Amino acid sequence: MRRIVIVGGGYAGFTAARELEKGLRRELRRGEVELVLVDPRPYMTYQPFLPEVVAGSVEARHAAVAHRGHLRRARLVDGSVVRVDHADRVVVVRPRSGEPYRLPYDTVVVTAGAVTRVFPVPGVAEHAIGMKHVEEAVAIRDRLLTSFDRAASLPRGPERERLLTVTFVGGGFSGVEGFAELLSLAHDLLPRYPEIDAAELRFHLVELSDRILPEVTDRPGRWVVEQLERRGARVHLGTGLESAAGGVVRLSTGESFASGLLVWTAGNAANPVVATHTDLPVDRRGYLVVRPDLRVGTDDAPVDDAWAAGDGAAVPDLAVARPGALAVPNAQHAVRQGRRLARNLVASLHGRPSRPYVHGSLGVIATLGLGSGIFQLRRLVLRGRLAWLMHRGYHLLAIPTWERKARVLAVWLTAAAFGRDVVSLASVQTPRAAFAAATTPDGEAAEPAPDTAPDTAQGTAQDTAQEAAA
């Protein structure tokens with residue numbers, strides 16, 4: 001029996017597994033092939049919907065696609081791959097409980113993706129929240145809603161100002177979309193909080209380079225900055241975060257302020273499993289070297305029985321005329337790479353030739369809050385409501401499975417009729433607090449208050465990253 005192990009169940013891994021189930025249906029049924037997917041999470045996160053999860057426009061569960069709900073013939077392993085030893089055809093798996101073990105394979109598909117790039121800035125590890133996982137998006141939303149509840153009952157002063165101050169670090173698509181959606185949510189909350197004035201909201205977007213959204217050209221990028229500032233935000237370009245110690249944000253310009261919410265979206269870095277814990281070839285940045293057909297290696301030095309795709313692979317972009325161009329690490333490419341990888345792997349097993357991955361960009365598109373967005377395809381630029389509708393339409397079609405499409409559409413239609421749901425469930429991040437309070441003599445819980453819960457959520461994400469790096 002031939003065992004195919006897929007490392008990672010994100011866009012590329014999940015798509016490849018579904019396509020392999022179709023292409024190897026007979027072999028899987030007869031027991032000639034075993035398909036194994038290893039991932040510490042039981043679902044694929046559709047990251048383009050995380051900004052809308054932050055704003056409450058998409059339910060958190062609807063931005064995740066369960067592996068077990070859609071992979072019927074694959075064996076799913078709940079754990080983290082901490083090493084790929086291709087010389088011995090073995091991956092080392094660390095399960096949630098128990099000791100790490102060696103899982104042999106005949107063919108490996110590495111789709112481990114990337115991890116959040118974090119710099120050693122004081123206070124970031126203690127106070128910042130990432131925005132790469134559903135849990136983090138939910139924590140960001142709940143922190144803002146809880147801050148509004150608390151600020152409304154306080155007199156004007158330093159604590160109220162801190163609660164109503166939000167800081168995002170990173171001006172890429174993830175940061176700008178999350179920032180704009182949260183800003184939109186905050187303004188929609190104001191009519192429900194008459195105690196809070198719009199002038200009290202302080203939203204800061206900090207970007208080290210001199211522009212945001214590097215995937216779009218200068219003029220549309222400037223338009224986005226103007227739109228955000230018109231809505232009361234401050235965009236700090238050419239500015240670095242020097243410290244967040246004690247919850248006080250200190251910028252390279254010398255400005256400092258207390259921030260009740262700090263979100264880190266300063267790009268991605270190579271997954272440690274790929275960069276330093278494998279004998280497969282990697283480039284100087286730590287990404288797997290792959291050929292145009294998504295086999296690991298080069299035309300002169302191919303690696304047998306090893307394939308890779310997604311954010312952790314340096315995939316040649318044949319749709320671009322520039323020599324040495326690599327595919328942009330985004331969902332648009334990862335899904336299509338996963339599909340092409342699976343079809344090429346099936347062709348290889350059946351003795352047929354493989355085909356190179358070629359995909360011309362469909363353009364870049366971003367949501368900037370309800371009713372506002374931007375789209376660019378070469379020289380064509382669309383702004384405002386039309387771009388926002390295109391954003392929703394594209395991602396509704398792109399999210400895997402018809403079941404998820406139907407659920408997301410139902411939430412959007414409900415919100416159009418009744419408005420946003422503004423219930424904060426921050427207490428679910430400390431589920432024992434109420435019970436603990438009932439069991440103590442003075443009735444006070446020993447667990448953290450909901451205001452500190454998002455830091456716990458960030459800790460969970462850090463633990464997962466540490467598992468990958470182990």
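Is Glu 159 buried, partly exposed or exposed, and what is its relative accessible area? Glu 159 is partly exposed, with a relative accessible area of 32%. Buried means under 20% relative accessible area, exposed over 50%, and partly exposed in between (1.4 Å probe, protein chains only).

The model is predicted: local features need pLDDT of at least 70, side-chain atom pairs count only at pLDDT 80 or more, and totals for chains, interfaces and linings use all residues. Residues are numbered from 1 along each chain as its sequence is written, and side-chain values use heavy atoms, with hydrogens and water left out.

**Salt bridges**

A salt bridge is a side-chain nitrogen of Lys or Arg within 4 Å of a carboxyl oxygen of Asp or Glu. The count comes to 21 salt bridges. Three of them are listed here.

| Pair | Closest N and O atoms |
|---|---|
| Glu 135 and Arg 41 | 3.7 Å |
| Arg 89 and Asp 305 | 3.2 Å |
| Arg 150 and Glu 159 | 3.7 Å |

Glu 135 forms a salt bridge with Arg 41. This pair links distant parts of the chain, 94 residues apart: Glu 135 is in helix α6 (residues 134-152), and Arg 41 is in the loop between β2 and β3 (43-45). Helices (H or I, at least four residues) and strands (E, at least two) are DSSP runs, numbered from the N terminus. Arg 41 is buried at 11% relative accessible area, whereas Glu 135 is partly exposed at 33%.

Arg 89 forms a salt bridge with Asp 305. They lie 216 residues apart, Arg 89 in the loop between β5 (75-85) and β6 (90-95) and Asp 305 in strand β21 (residues 302-308). Arg 89 counts as partly exposed at 26% relative accessibility, and Asp 305 does so at 25%.

Arg 150, the partner of Glu 159, is partly exposed at 33% relative accessibility. Salt bridges that share partners join Arg 2, Arg 89 and Asp 305 into one network.

**Strand pairing**

Two strands pair if DSSP finds at least two bridges between them. Strand β1 (residues 2-7) runs parallel to strand β2 (residues 33-39), and six bridges join them. Arg 2 has Val 33 as its bridge partner in β2. Strand β1 is also joined by four bridges to strand β8 (residues 107-110), again running parallel. There, Val 7 stands opposite Val 110.
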